[in-house]
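Hi,

Here is the structure I said I'd pass on. Have a look at it first, and then read my notes below.

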Amino acid sequence: MARTVLTPREQDFPQWYQDVIAKAELAENGPVRGTMVIRPWGYAIWERMQAAMDARIKAAGARNAYFPLFIPESYLSREADHVEGFSPELAVVTHAGGKQLEEPIIVRPTSETMVGEFMAKWINSHRDLPLLLNQWANVVRWELRSRLFLRTTEFLWQEGHTAHTSEAEARDYARRILHEAYADFLRTELAIPVIPGRKTRRERFAGAVNTMTVEGMMGDGKALQLGTSHEFGQNFSQAFEITFTDAEQRSRLAWTTSWGSSTRMLGGMIMCHGDDDGLRVPPRVAPTQAMITVVKDGDGSPAATAAELFDALTAAGVRAELDDRTDLPYGRRAVDHELKGIPVRVEVGPRELADGRVTLVRRILGSKTPCPVTDVVTETVRALADDHDRLLAEAERFRDDRTVEVASVGDAIEAARSGWARIPWRLVGETGEDELAAQGVTVRCLIHPDGRVPDTDDPAAEPDLLAIAARAY
């Protein structure tokens with residue numbers, strides 16, 4: 001229905017993405033280069049995502065806190081790899097209150113250093129551990145080339161920070177977040193099938209000893225990193241003196257982790273599930289799951305029936321909305337609902353009501369069928385459950401069809417033109433990574449053939465390792 005207002009995906013995928021964001025009223029560029037204004041429909045989706053992710057983080061034992069936006073420059077300089085990794089992206093405040101500051105202030109790009117400072121104050125004994133913290137906040141990373149939701153100068157995210165008594169405990173917790181928070185959320189709420197894996201040394205987070213990721217395939221075959229979980233070993237504990245006394249009263253360094261996901265996930269949802277008609281919002285995060293639309297009022301009191309259906313759907317736990325704006329053309333409203341990806345539309349008009357029916361429109365299935373008024377609630381609830389499974393199955397088929405087993409770096413580069421390549425890691429190595437990078441391809445992650453996340457990136461220790469190579473956002 002909305003094909004005339006969007007650039008076709010096959011014609012120009014990046015332009016289609018920008019068109020969807022604009023036409024579905026998700027976001028637009030802010031007045032400062034690289035910033036983003038998230039509009040109410042986009043923010044409502046983010047709120048649903050945030051609540052579902054927050055519940056998983058709390059189920060893993062972490063508690064929410066908040067740390068300052070401004071970080072003293074001296075904090076970042078304590079961990080050499082960390083500051084070097086973030087240096088090109090930093091926004092620095094040198095003047096405030098009408099005068100030059102004695103010490104420049106960094107606008108938060110991430111909070112490891114700030115949290116490390118306070119962990120050192122809060123942790124004394126092994127009884128204080130594990131310390132499991134999370135914060136929902138904004139961060140600033142000065143991007144040269146921005147793209148709404150995917151890469152902006154300022155974005156919204158959650159960042160978790162933990163401290164543990166042992167390396168094994170820290171490693172296990174970082175993996176728990178990767179699987180039980182990120183991978184499960186993306187599959188269960190956003191219907192995005194992701195591959196959890198280990199980053200190579202080249203792609204590792206600045207200051208980490210291990211970075212793990214969840215990677216999803218977008219509608220053009222490119223990869224998108226949708227969440228990361230990092231082990232820091234004792235690097236930050238040494239830099240910030242995060243110590244504790246063990247049961248024998250010996251002073252020991254803590255083992256720390258951090259992990260984060262952001263509004264990039266919303267961009268991933270758009271690119272994974274959207275079509276030439278606009279968004280297709282997974283039902284579990286859709287702010288409005290069912291739109292009851294009065295096509296026009298007249299015989300049979302469509303407006304009254306629509307209001308009754310709204311009440312019945314709401315009582316059944318469906319997030320419903322009533323559109324009785326008959327002063328606006330029906331076609332215009334239908335296109336708007338289609339663009340925004342509302343999963344189910346219940347269209348109520350005098351002609352259908354004369355036969356005791358309404359029209360049920362399923363955005364994800366792409367169907368438009370008559371439905372008895374008495375069956376609307378049952379059919380809507382069934383459609384919402386079925387549509388999540390359909391989106392997930394469709395995304396899995398697309399990813400599997402676009403993933404190729406290859407035996408050379410050259411073949412991996414060729415496969416990455418339209419999808420992903422799976423190649424034995426021992427055939428790539430650092431030299432192969434350089435060759436891939438020269439062609440705009442990266443190793444997104446390392447995995448075992450059965451999908452397990454590796455314990456190391458050393459092919460001598462784990463010779464069956466596979467590399468997922470792809471072009472990425």
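**The sheet and its helices**

Strand S17 (residues 344–348) and strand S18 (residues 357–362) run antiparallel and are joined by four bridges. In one of these pairings, valine 344 has arginine 362 of S18 as its bridge partner. Bear in mind that this is a predicted model.

Zooming out, S17 and S18 belong to an open sheet of five strands, ordered S16-S15-S17-S18-S19, and the pairing is mixed. Strand S16 (320–323) and strand S19 (367–372) sit at the edges, each pairing on one side only. From one strand to the next, the twist averages 25°.

Helix H10 (residues 330–339) lies across S16, S17, S19 and strand S15 (290–294), and runs at about 175° to S15. Helix H12 (residues 376–401) also packs on the sheet, where it touches S15, S17, S18 and S19. The direction of H12 makes about 10° with that of S18.

The largest pocket has a volume of about 950 Å³. Its lining takes in 40 residues, with Arg141, Arg151, Gln225, Thr228 and Arg264 nearest the centre. Among the elements giving two or more residues to that lining are strand S11 (223–233) and helix H8 (264–273). By class, the lining of the largest pocket splits into twelve nonpolar, 16 polar and twelve charged residues.

What about the second largest pocket? That one holds about 280 Å³ of space. Its lining is made up of Arg145, Ser146, Arg147, Leu150, Arg151, Lys222, Ala472 and Tyr473, which comes to three nonpolar, one polar and four charged residues.

Cheers

Terms used. Residues are numbered from 1 along each chain as its sequence is written. This is a predicted model: local features need pLDDT of at least 70, side-chain atom pairs count only at pLDDT 80 or more; totals for chains, interfaces and linings use all residues. Side-chain values use heavy atoms; hydrogens and water are left out. Two strands pair if DSSP finds at least two bridges between them. Axes are lines fitted to C-alpha atoms, for helices over the stretch in contact, and angles run from 0 to 180 degrees between N-to-C directions. Contact means heavy atoms within 4.5 Å. On a 1 Å grid over the protein atoms alone, a cavity is a set of points where a 1.4 Å probe fits but cannot get out, and a pocket is an open set with protein on both sides within 12 Å along at least five of seven lines; lining residues have an atom within 4 Å of a point. Grid points are joined across faces, edges and corners, and a volume is the space filled by probe spheres set on the points. Ala, Val, Leu, Ile, Met, Phe, Trp, Tyr, Cys and Pro count as nonpolar, Asp, Glu, Lys and Arg as charged, and the others, Gly among them, as polar.
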